[in-house]
Amino acid sequence: MIKRTLQAILSKLANEDLIEPVNYEEGEYLSQEEINKSYSIASSVFGSGNVILIGGAALQNYYPLHRPKDIDVVVNGNIEEKKDLLYSKGFNNIKDAGSKPLFDADIHVSYLNLGEKKIRIEFYSSEGLLDRDQSFESLKKKAFSREYNGEKVYFVDPINLGRLKYNAWRNRLMNGRCDKDIIDLKKANLLDYMDKNDEYYEKIAKAYHPGIISKFKSVLSDAIHVAHQEYLKRYHS
């Protein structure tokens, strides 16, 4: 396995393209209806207008071909204090996910059963998600929305979505996603939505063509992720 991993690293380093990681994500792809319904239930806990979609569920609005397997939301409210209400609405196995590099937000992982489908949903606090001085209100002010059953489903604006994806890409050595986040942004042509004077525009544009150090970290991320999956298969099957 080590030999195969080293061969993969060398071959990917020699390739100028962005690196698509092996897809080990659990679960089934989610439809827009399933995302909307899950959002609606979460909104009933935190209050109308107090939930904003981020991640792949938000990206789908800019690139309809993108289909996420989980849902990430930022909420206006104390997640820990809402646990009992979340449980009563059908969320289960709610756990503190711990901190992530470059993200100081409180993050809780949960699962929601919709029919026979078990949907993974991560709740993020707005504090520490982007800039220290950024509030939920400032994030919502720039957010877009769509209608669902008479209520608004809010999703993050292109600039902040790009910033979140860029920061997630910078974390790739830890999260085993290689260049997935930058690939997502490129497929969605998200730079076309962004102000070229925004400081993150140039950062994201440069990330489309990673240097050798950045590329090595991305390849190493994939190698670590694959090795971890092999370990789980071998010792926990």
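Modeller: Helix 6 passes helix 9 in a left-handed crossing, a term used when the near helix is turned anticlockwise from the far one by less than a right angle (clockwise would be right-handed). This is a predicted model, in which local features need pLDDT of at least 70, side-chain atom pairs count only at pLDDT 80 or more, and totals for chains, interfaces and linings use all residues. Residues are numbered from 1 along each chain as its sequence is written, and side-chain values use heavy atoms, without hydrogens and water. Helices (H or I, at least four residues) and strands (E, at least two) are DSSP runs, numbered from the N terminus.

Helix 6 covers residues 158-170 and helix 9 covers residues 199-207. They pack at an angle of about 45 degrees, and their axes are 10 Å apart. That angle makes helix 6 oblique to helix 9. Axes are lines fitted to C-alpha atoms, for helices over the stretch in contact, with angles from 0 to 180 degrees between N-to-C directions. Under 35 degrees is roughly parallel, over 145 roughly antiparallel, 65 to 115 roughly perpendicular, and the rest oblique.

On the side of helix 6, the contact with helix 9 (heavy atoms within 4.5 Å) is made by Gly162, Arg163, Tyr166, Asn167 and Trp169. Helix 9 contributes Tyr200, Lys203, Ile204 and Ala207 to this contact. By class, the contact of helix 6 with helix 9 holds five nonpolar, two polar and two charged residues. Here Ala, Val, Leu, Ile, Met, Phe, Trp, Tyr, Cys and Pro are nonpolar, Asp, Glu, Lys and Arg charged, and the others, Gly among them, polar.

Helix 6 also meets helix 8, which spans residues 180-187. The axes of helix 6 and helix 8 come within 7 Å and cross at roughly 150 degrees. Helix 6 and helix 8 are therefore roughly antiparallel to each other. In this contact, helix 6 uses Gly162, Lys165, Tyr166, Ala168 and Trp169. Helix 8 answers with Asp181, Ile182, Asp184 and Leu185. The residues of the contact of helix 6 with helix 8 divide into five nonpolar, one polar and three charged.

How enclosed is helix 8 itself? Six of its eight residues are buried, so helix 8 is largely enclosed by the rest of the structure. Buried means under 20% relative accessible area, exposed over 50%, and partly exposed in between (1.4 Å probe, protein chains only). The buried residues of helix 8 are Lys180, Asp181, Ile182, Ile183, Asp184 and Leu185. They pack against helix 3 (55-59), helix 6 and helix 9.

Helix 8 is followed by Asn189, which is placed in the loop between helix 8 and helix 9. Phi of Asn189 is near 50 degrees, a positive value in a residue other than glycine. At 46% relative accessibility, Asn189 counts as partly exposed.

Lys217, in helix 10 (residues 212-236), and Arg170 are 47 residues apart in sequence and 9.3 Å apart in space, C-alpha to C-alpha. Lys217 has 35% relative accessibility and therefore counts as partly exposed.

Seven strands form an open sheet in the order 3-4-5-2-1-7-6, with mixed pairing; two strands pair if DSSP finds at least two bridges between them. Strand 3 (91-96) and strand 6 (144-148) stand at the edges, each with a single partner strand, so one side of each lacks a neighbour in the sheet. On average, neighbouring strands of this sheet are turned by 30 degrees against each other, direction ignored.

Strand 6 pairs with strand 7 (residues 151-155) in the antiparallel sense over five bridges. Arg146 has Val153 of strand 7 as its bridge partner, and Glu147 stands opposite Lys152 in strand 7. The hairpin of strand 6 and strand 7 has two residues between the strands, and in it Asn149 takes a positive phi near 50 degrees. Asn93, placed in strand 3, likewise has a positive phi near 50 degrees. At 40% relative accessibility, Asn93 counts as partly exposed.

Of its 237 residues, 49% count as buried.
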